[in-house]
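Here are my notes for your review. Please read them with the model open.

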Amino acid sequence: MRHARRRVVRRVTRLAAVGGLLLGATMVTRAVASEPRVPEAVPFSTAEETAVGPGAGLVAELGTSRTAGSWIDADGRTVVAVTDEEAAAEVREAGAEPRMVRHSMDDFKSAARTLGSAPRVPGTAWAMDYRSNQVVVRGDTTVSADDWSELTEVADGMGDFVRMERTGGTFTTRLNGARPILSTAGRCSAGFNVTDGERDFILTAGHCGPDGSVWFADNGGRQEVGTTVGGSFPGDDYSLIEYAGGRAGEGAGVVAVGGGKGVRITGVADPAVGQRIFRSGSTSGLRDGEVTALNATVNYPEGTVSGLVESNVCAEPGDSGGPMFSEGIALGVTSGGSGDCRTGGTTYFQPVTKALAQLDVRLIVAPGADGGAAAPSPAPSDAGGAAAPDAATPGSSAPVRGIVPDPSTLLSRLADPRNVGPGLLVIGGSLVALVASRWIRAEQDRKAYRRHYSVTWG
């Protein structure tokens, strides 16, 4: 009778194990079928001499000898600086507004080369002001009277379209975005999330730390974010932080703007002079301003950085690397500047487009409300212009997630029937039960055989 009960138990165990294998396989199949799609990523590459802004196509078509940049006016119209009437007519025909100027983009570039070849003076900067048709040279409070006098002599030799300005404060990198990241090099802000198709990274400022810098999300060094694996500074000002787990996680296409709120990032573009922009940083939060010049060069104490975007938005130490955007379009990461958010100042940004092209990565964008890819927000990329600066917004809102995975959610993820984990656990448990039942049966048969024939042993 006892043997019959054992056989029934063994059969039930084997049937349960086989059923568990089938159930686990079904769970895994369904989980794989419902796995969230890989985050949408937007590529962008740009040549070093490519014109930027809403009139970029017209500027490229007419050439650098007949144009001197473009910008967005207060009504949102695209204005293109031209040097002859024939070019002005072509601009009007394209639907933009021409502005006759004396000096062309070739003159601007020649002036920039001359300034770049002069002895380097930390605390100075220059940029192309398209609206005034001038190259503006600035010197902060650290520049001595003698150095300023020598630089003024260089500028005087280039003509009357070079304007010299003294500025308050000092031009510094903003070492010390949205989310704060900390290392032995100091404190910075996370910029945008990017990917190479296999791994995810944070795009931030290059001056934040050299290759090998390890970043954390807390002062105690317990929540590791990742490690700096590449970048450029000086010369440029961008770097990549590879996530410790390889993936950015949920909410990778959203940038934080404070108060637990975020903005969906849906595309990438170059900014335009006159465009209203928004900047988020871990020190000063969300701030807005206007692009005042392009192709700026800044002589920081650590080295010279060129090709920057100049703006009148404020920033403070700790905001370095934070994202600059408008209407959901990624535009730049915070490099440095002068002043603060009490008195105002000038802030410079590394364009995102060049960083993506040089690093061979793509921007991760936010999904739409239905979980699919979001429609890109309008970027100022055509002759028709963009929204008037006063009407521009940061972009559509979205909740923001932490920069590192929350360990407390591990159990809930394992219990989620949409994940592969539970199915694998069921399969593993079923295999153990099946093997155990067969081992128990073999052991019982061996003992029964031993008892039955023990009288003949020895």
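1. **The loop between strands 5 and 6.** Start with asparagine 133, which is found in the loop between strand 5 and strand 6. Asparagine 133 is not a glycine, yet has a positive phi of about 55°. Its relative accessibility is 8%, so asparagine 133 counts as buried. Please look at the backbone here, because most residues other than glycine have a negative phi. Bear in mind that this is a predicted model.

2. **Confidence and overall make-up.** The protein chain has an average pLDDT of 81, and 70% of the residues score at least 70. Residues 44–51 have a pLDDT below 50; beyond near neighbours in sequence, this stretch has 14 contacts in the model. Residues 406–416 also have a pLDDT below 50. Beyond near neighbours in sequence, that stretch has five contacts in the model. The protein chain contains eight helices and 26 strands. It has 458 residues, of which 46% count as buried. Its accessible surface is about 21,700 Å², with 53% belonging to carbon and sulfur atoms.

3. **Aromatic pairs.** How many aromatic pairs does the count come to? It comes to three. In one of them, the ring centres of phenylalanine 108 and tyrosine 130 are 6.2 Å apart and the planes are at 15°, so this pair is stacked. Phenylalanine 108 lies in helix 4 (residues 105–117), while tyrosine 130 is in the loop between strand 5 (124–129) and strand 6 (134–139). The pair therefore ties together parts that are 22 residues apart in sequence. Phenylalanine 108 is buried, with a relative accessible area of 0%. Tyrosine 130 counts as buried too, at 4% relative accessibility.

4. Together, Phe108, Tyr130 and Phe161 form one aromatic cluster.

5. Cysteine 188 and cysteine 208 form one of them, with sulfur atoms 2.0 Å apart. Left-handed or right-handed? The torsion about the S-S bond of cysteine 188 and cysteine 208 is about -105°, so this disulfide is left-handed. Cysteine 188 lies in strand 10 (residues 186–189). Cysteine 208 lies in the loop between strand 12 (200–204) and strand 13 (214–216), so the pair ties together parts that are 20 residues apart in sequence. Both cysteine 188 and cysteine 208 are buried.

6. Cysteine 314 and cysteine 341 form a disulfide with their sulfur atoms 2.1 Å apart. The S-S torsion is about 95°, so this disulfide is right-handed. Cysteine 314 is in the loop between strand 21 (303–311) and strand 22 (323–326). Cysteine 341 is in the loop between strand 23 (329–340) and strand 24 (344–351). The pair links distant parts of the chain, 27 residues apart. Cysteine 314 is buried, with a relative accessible area of 11%. Cysteine 341 has 19% relative accessibility; the cut-off for buried is under 20%, so cysteine 341 counts as buried. With bonded cysteines counted along the chain, the disulfides follow the pattern 1-2, 3-4.

7. **The hairpin of strands 16 and 17.** Strand 16 (residues 254–258) runs antiparallel to strand 17 (residues 261–264), and four bridges join them. Valine 254 stands opposite arginine 264 in strand 17. The two strands form a hairpin with two residues between them. Glycine 259, in the turn, has a positive phi of about 65°. Strand 16 is mostly covered, with four of its five residues buried.

8. **Other backbone points to check.** The peptide bond from phenylalanine 233 to proline 234 is cis, with omega near -10°. Proline 234 is in the loop between strand 14 (224–232) and strand 15 (238–243). Glutamate 327 has a positive phi of about 55° although it is not a glycine. Glutamate 327 is found in the loop between strand 22 and strand 23. Both kinds of feature deserve a look, because most residues other than glycine have a negative phi, and most peptide bonds are trans.

Notes. Residues numbered from 1 in each chain as written. Predicted model: local features only at pLDDT ≥ 70, side-chain atom pairs only at ≥ 80, totals over all residues. Heavy atoms only, no water. Buried < 20%, exposed > 50% of the residue type's maximum accessible area, 1.4 Å probe, protein only. Pairing = 2+ DSSP bridges. Phe/Tyr/Trp six-rings, centres within 6.5 Å; stacked < 30°, edge-to-face > 60°. Disulfide = S-S within 2.5 Å. pLDDT = per-residue confidence, 0-100. Contact = heavy atoms within 4.5 Å. Areas by Shrake-Rupley, 256 points an atom, 1.4 Å probe, with all protein chains shown as cover.
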